[in-house]
Amino acid sequence: MPNVRLLDNGKRLVCDFRVNSKSKPTTLWYFGNSLLKAGGRYKMDVKEETAGVFLIFLEISNVSSPS
């Protein structure tokens with residue numbers, strides 16, 4: 001299950017989860033039908049924490065609530 005949380009008084013959203021894999025997984029993040037790309041407000045990465053366990057995360061800065 002993904003771990004989703006708001007940080008910095010709701011101005012930064014972080015979504016992360018761990019997967020077991022023999023090789024580094026490839027991830028694609030979407031907002032609706034639009035593919036998100038790293039840079040600007042979006043940070044994303046896949047890091048190997050231990051042998052075969054990868055942390056996958058997406059961080060969005062300058063988050064605003066819909067009216």
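Buried means under 20% relative accessible area and exposed means over 50%, with partly exposed in between (1.4 Å probe, protein chains only). The model here is a predicted one, in which local features need pLDDT of at least 70 and side-chain atom pairs count only at pLDDT 80 or more, while totals for chains, interfaces and linings use all residues. Residues are numbered from 1 along each chain as its sequence is written, and side-chain values use heavy atoms, with hydrogens and water left out.

Aspartate 8 sits in the turn of a hairpin made by S1 and S2, with four residues between the two strands, and has a positive phi of about 55°. Strands are DSSP runs (E, at least two residues), numbered from the N terminus. S1 (residues 3-7) and S2 (residues 12-20) pair in the antiparallel sense over five bridges; pairing takes at least two bridges found by DSSP. Leucine 7 stands opposite arginine 12 in S2.

Now for the charged side chains. The structure holds four salt bridges, each a side-chain nitrogen of Lys or Arg within 4 Å of a carboxyl oxygen of Asp or Glu. One of them joins aspartate 8 to arginine 12, with the closest N and O atoms 2.9 Å apart. Arginine 12 is partly exposed, at 23% relative accessibility. Arginine 12 also meets glutamate 59 in a salt bridge (3.4 Å, N to O). That pair links distant parts of the chain, since glutamate 59 lies in strand S6 (residues 53-61) and arginine 12 in strand S2, 47 residues apart. Glutamate 59 counts as buried, at 14% relative accessibility.

Arginine 18 and glutamate 49 form another salt bridge (2.6 Å, N to O).
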